[in-house]
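Have the model open as you read.

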Amino acid sequence: MRVPATLATLVVVGLLAPSPAATAADDPWAGVTWSAPEGVSPAGIDVAAGGVWPLADGSLLALWSVVDDPTAGGDGPAQVWSSSRGPGSEVWTPPVAVSDFQQYFTAYPNFVWDVDPSGAAVVAWTQYDDAADVWTYRAVVRTAAGTWGAPTTVAAGGTDGLGPISLAGRKAVAVAPDGGATVAFEAREPAASPGETSADREVFRTHWSGTAWTAPEEVSVETPPFPIVCAEPDPDDCPDREGHSDQPAVAFDGWGREWIAWVHTEAADEPAEEAGIFVRGAVTSHLATGSEQDPRTFALAGIDADPAGGIALAWTREVASGRETWAHAGGDVTGATSLITPASVNGSVRSIAMAHGQAMVVVATGTAGVDGSRDLLTSHRAATGAWASPAPMVEGSSAVRGVGGRALITPAGVPVVGHTDGGDGAVLAPTTSGWARTEVDGVLGSLQVAASGVLYAGSRVVDGGVHRLRVSVSSAGPATVTPPSPPPGPAPPPGPTPGPTPSPLVVVDDGALGRSSGWQRKTGAAYDGGTALLAKRKGAVLTLPRTPLTQVGVLATTCSRCGKVEVFVGKRRVGRISLKGASAHQQTRLLPAFAARSGKVRLVVVTRGRAVRIDALVIRAG
């Protein structure tokens, strides 16, 4: 059932390991109290965003961004400030500025940060370099010993193999277990030649090793650069617009493995299956595919890593009938992805969390009303390692403005969600029959959990006409309450009667294929049968005499700048095959199966100046 357009909801979905034994109480917040909000940022300074993190040694670290210049008063450049409080102390250290001044905060939420329980932290932002007349990415690192370094330019437009950097370019940061840090960011590749507009937008990373930042490294799918304006008389002679990579997210798991995720968008005339969510860990994996209606429809919510090992990520995919939400969790990026909410729910992912072998996704469903109001829903958690179906958590009304979906999992294995209703914060945990809430003053900006299970809620509270960062601390974590097992559903309908076993694939060596001009025969031990055919000329053709078949593909060499072929059976075009990918020989690229037909098979090169190296034709007889 489609949610009415005037309503919106919040959904939490869990993937959990078996829960600990339930307590006697049905209320996870029974006996839990919150301390009075304690001011962290200075009075009279307007805070735009901020949070408070409990550290492993019992101290606290606070970060916040300000809209006003705290040294001059009035409207001024935005900046990130920090303060800390030692173990057992009730006194915060004097605030220190950790970032540069920059003047564009109100247009873009520019600052990103991450804090490790060791006390190491990283902050990154976009900064204009007046002297060089370029946009840059800047970062600053805090050591576990509590010392902030100096802000450093980690990437500058037009240098280190980068094209321009945009003020609106997204970036993400993560602290490694060894105290290092990574900044993942968007930038364009350099222009194909002087005077041309810059090329594809890609995702890069730079890493702080403890002494210096590495040079920017491209981590997204490599695509050839292309000019925005092409002066060729024949448009087909222009290089392809291969698409963009953006929306980076980064995390480190407990084993120190770095994971970077991003969205790759193909141009409208490119195959939709090349678009989707990519993750780079030990290898680059393609987790999701594009929509045939419009492949440019992905929104990556983020990636989180379990300190014990493993990752989880979630994203929104828009299709013709609405928005779907998807997720993946596990020890790596292998395995299936899961549909969390279908298009009929019209949802979007707000948050992702993974810890203690469990994972949770927060989804806002529906469309906000004209006044921005949202109703809130969530789901119960699963207990067997499968993503649970969404179910109601807490019902609001059209007058409730739902902000958040800040998810975490406590050391006791309790999933917790924080959000804001109309200026008042709330933290929710599951009961045997739903979810129970506890109130927190102010607009909830951060929700963190200590190793003891105690929660720290950082909130913005109006004080003297401006927002001030304050922190409230729970007396304990929520109790674990095991929900009742859902009743068994109806038995699934019987599956379809198995069809006939498909015929085996047949490899037709390149020597058996007819060829037009433009092909060269190559020899080498890396090729199947010792030979392959190479073409870089657009329009070069390979043929196979009339053959009845139901599927066709190629055995070919792939590379980052390899070309494409279109396949015809008789007069019918059955598909396009891209040979773009990691450099490798004897790679099988198959088109989807089709109804049996007979005709002359033709492979036509449709790119210019890019290698198309064919080892063999692969067919399934009809």
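The structure holds one disulfide, meaning a pair of cysteine sulfur atoms within 2.5 Å. The partners are Cys 559 and Cys 562, with 2.1 Å between their sulfur atoms. Since the torsion about their S-S bond is about 115°, this disulfide is right-handed. Cys 559 counts as buried because its relative accessibility is 19%, and Cys 562 is buried too, at 7% relative accessible area. (Buried means under 20% relative accessible area, using a 1.4 Å probe and protein chains only.)

A quick word on ground rules: this is a predicted model, where local features need pLDDT of at least 70, side-chain atom pairs count only at pLDDT 80 or more, and totals for chains, interfaces and linings use all residues. Residues are numbered from 1 along each chain as its sequence is written, and side-chain values use heavy atoms, leaving out hydrogens and water.

Now for strand E8, residues 121–129, where seven of the nine residues are buried. Strands here are DSSP runs of at least two residues, numbered from the N terminus, and two of them pair if DSSP finds at least two bridges between them.

On one side, E8 runs antiparallel to strand E7 (residues 112–115), joined by four bridges. Trp 113 sits opposite Val 123 of E8. Five residues lie between the strands of this hairpin, and Gly 119 takes a positive phi near 105°.

E8 also pairs with strand E9 (residues 134–142), again antiparallel, over nine bridges. There, Trp 125 faces Arg 138 in E9. The E8 and E9 hairpin has four residues between its strands, and Asp 133 in the turn has a positive phi of about 60°.

How values were computed: Buried < 20%, exposed > 50% of the residue type's maximum accessible area, 1.4 Å probe, protein only.
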